[in-house]
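Here are my notes on the model, as numbered points. Please read them beside the coordinates.

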Amino acid sequence: MSAPDTNVEREEKLHKPALLGIRGVVVAVLLMFAVFLLWVFNKGGEQDVVETPQTAAEVQATIADN
């Protein structure tokens with residue numbers, strides 16, 4: 001139940017700093033999330049390449065070379 005004599009304009013004016021703070025936090029979180037997604041997708045394409053011999057002949061050649 002709400003009070004019958006609520007002045008919406010006055011309440012909006014009184015709550016303005018809190019509402020601006022909430023909006024600021026939401027914007028900051030969305031910005032951090034976007035940066036996180038860019039970082040994840042940027043790192044996703046990098047893979048460590050390990051060269052391993054494919055055949056027994058290549059293994060033997062590698063051993064013989066060392």
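1. Buried means under 20% relative accessible area, exposed over 50%, and partly exposed in between (1.4 Å probe, protein chains only). By that cut-off, buried residues account for 0% of the 66 residues in the protein chain.

2. This is a predicted model: local features need pLDDT of at least 70, side-chain atom pairs count only at pLDDT 80 or more, and totals for chains, interfaces and linings use all residues. Residues are numbered from 1 along each chain as its sequence is written, and side-chain values use heavy atoms, without hydrogens and water.

3. The protein chain contains 3 helices and 0 strands, in the order α-α-α along the sequence. Helices (H or I, at least four residues) and strands (E, at least two) are DSSP runs, numbered from the N terminus.

4. An unreviewed UniProt entry places a "transmembrane region" at residues 20-41; such annotations may be inferred rather than shown by experiment. Over residues 20-41 the chain is 100% helix and 0% strand, with 32 Å between the end C-alpha atoms.

5. Phe33, Phe36, Leu37, Trp39, Val40 and Phe41 make up a nonpolar surface patch with about 640 Å² of accessible area together. Patch members have over 30% relative accessible area and no salt bridge, and nonpolar side chains (Val, Leu, Ile, Met, Phe, Trp, Tyr) are joined within 5 Å. Leu37 belongs to helix H2 (residues 16-44) and is partly exposed at 31%.

6. The whole structure has 1 salt bridge, defined as a side-chain nitrogen of Lys or Arg within 4 Å of a carboxyl oxygen of Asp or Glu. Arg10 and Glu11 form a salt bridge at 3.6 Å, N to O. Glu11 is partly exposed, with a relative accessible area of 29%.

Conventions. Patches are made of residues with over 30% relative accessible area and no salt bridge: like charges are joined within 9 Å, nonpolar side chains (Val, Leu, Ile, Met, Phe, Trp, Tyr) within 5 Å. Accessible areas come from the Shrake-Rupley method with a 1.4 Å probe; for residues, only the protein chains shown count as cover.
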